[in-house]
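Biologist: Thanks for sitting down with me. Could we walk through this model together, one question at a time?

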Amino acid sequence: MTDPVLDITGATVHLGGREVLSGVDFRLRRGELVGLIGPNGAGKTTLLRTALGLVPVHRGTVVVGGRAPRRAQGSLGYVPQRHEFAWDFPISVEGAVATGRTHLAGLLRRRAARDRDAVAEAVDRVGLAGLRTRPVGELSGGQRQRVLVARALALRPRVLLLDEPFTGIDAPTQELLSTLLADLRDEGVAVLMTTHDLAAATSLCTRLCLLNRVVVADGEPAALADTDIWLRTFGLDRAGQLLKALGVTG
Ligand SMILES: Nc1ncnc2c1ncn2[C@@H]1O[C@H](COP(=O)(O)OP(=O)(O)OP(=O)(O)O)[C@@H](O)[C@H]1O
């Protein structure tokens, strides 16, 4: 097995005086597409932000490609939740995607040919070439989601972290994103996404990590057919819609 590109060991994170992650062990390798699943407030976004070095660990370690996350930013692509981006900022699709590369060498740097190539390729991969010059404020929710994915891809990342990429998008956009994520996985990118779409996660991901402050279970979807694991993750005492949605029977 190859070395993990993201290696989180015993991570405990405190926010607002509370322990929101507790001794989390998580590893992500090239060519994996992992779904991070858990109820609201489980710590999914916090785990992504910890991997990015945006949230410090109280205990434990986070290593990205052999380095501290802050030193590995050039290899980490991040797709935040859609509401976290300033959509009223006067910038085109292409301009917004290009901001994915600015921290590689600073805001005032002239854009080199390789930057333009990376941006054009990313815009193309999410199917927005026809809307390149459109102000982002004029885009629909699904188009905005594609801009955020392209912005992360413009970095040509080794690790791609996505926070709820399937929330509020239509079926064709979901199809496009699913195909794109599977292609990236095949190309050797390590992909980790949070989602509340359990059926999509189960069919698309090579592995699922069930999180609720601690890692409740981590394995291939087929190995997580035990109802009890899902009940524990979501803090439920009996199977209901959740398990029907998954096609899991007790
Ligand atoms: N900046 C913060 N200050 C204090 N508490 C925070 C902060 N950010 C998150 N939290 C708390 O940490 C816990 C985990 O939040 P997080 O956003 O990681 O959960 P999540 O699993 O992504 O939830 P959701 O599915 O609702 O997006 C929650 O209880 C939340 O209230």
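Modeller: Happy to! Let me begin with classes: Ala, Val, Leu, Ile, Met, Phe, Trp, Tyr, Cys and Pro count as nonpolar, Asp, Glu, Lys and Arg as charged, and the others, Gly among them, as polar. This is a predicted model, in which local features need pLDDT of at least 70 and side-chain atom pairs count only at pLDDT 80 or more, while totals for chains, interfaces and linings use all residues. Residues are numbered from 1 along each chain as its sequence is written.

Biologist: How many polar residues does the shell around the ligand have?

Modeller: The residues around the ligand include Gly16, Asn40, Lys44 and Thr45, where a residue counts if its C-beta atom, placed from the backbone, lies within 6 Å of the molecule. By class, the shell has three nonpolar residues and one charged, and the polar ones number seven.

Biologist: Which helix gives the largest share of that shell?

Modeller: Helices (H or I, at least four residues) and strands (E, at least two) are DSSP runs, numbered from the N terminus. The largest share, three residues, comes from residues 44-51, helix α1.

Biologist: Is Val20 buried, partly exposed or exposed?

Modeller: Val20 is one of the residues around the ligand and lies in strand β2 (residues 18-28). A residue is buried with 20 or more other C-beta atoms within 10 Å of its own, exposed with 12 or fewer, and partly exposed in between, with C-beta atoms placed from the backbone. Val20 has 18 other C-beta atoms within 10 Å, so it is partly exposed.

Biologist: And Phe26, buried or exposed?

Modeller: Phe26 is also found in strand β2. Leaving out residues up to four places away in sequence, it touches Ile8, Leu47, Cys209 and Val215, contact being C-beta atoms, placed from the backbone, within 7 Å. Because 22 other C-beta atoms lie within 10 Å, Phe26 is buried.

Biologist: Which are the edge strands of the six-stranded open sheet?

Modeller: Strands pair if DSSP finds at least two bridges between them. The sheet runs in the order β5-β6-β7-β3-β8-β9, with mixed pairing. Each edge strand pairs on one side only, and these are β5 (76-79) and β9 (214-219).

Biologist: In β8, what is the bridge partner of Ile37?

Modeller: Strand β3 (residues 33-37) pairs with strand β8 (residues 207-212) in the parallel sense, over four bridges. In β8, the partner of Ile37 is Leu210.

Methods
Contact = placed C-beta atoms within 7 Å.
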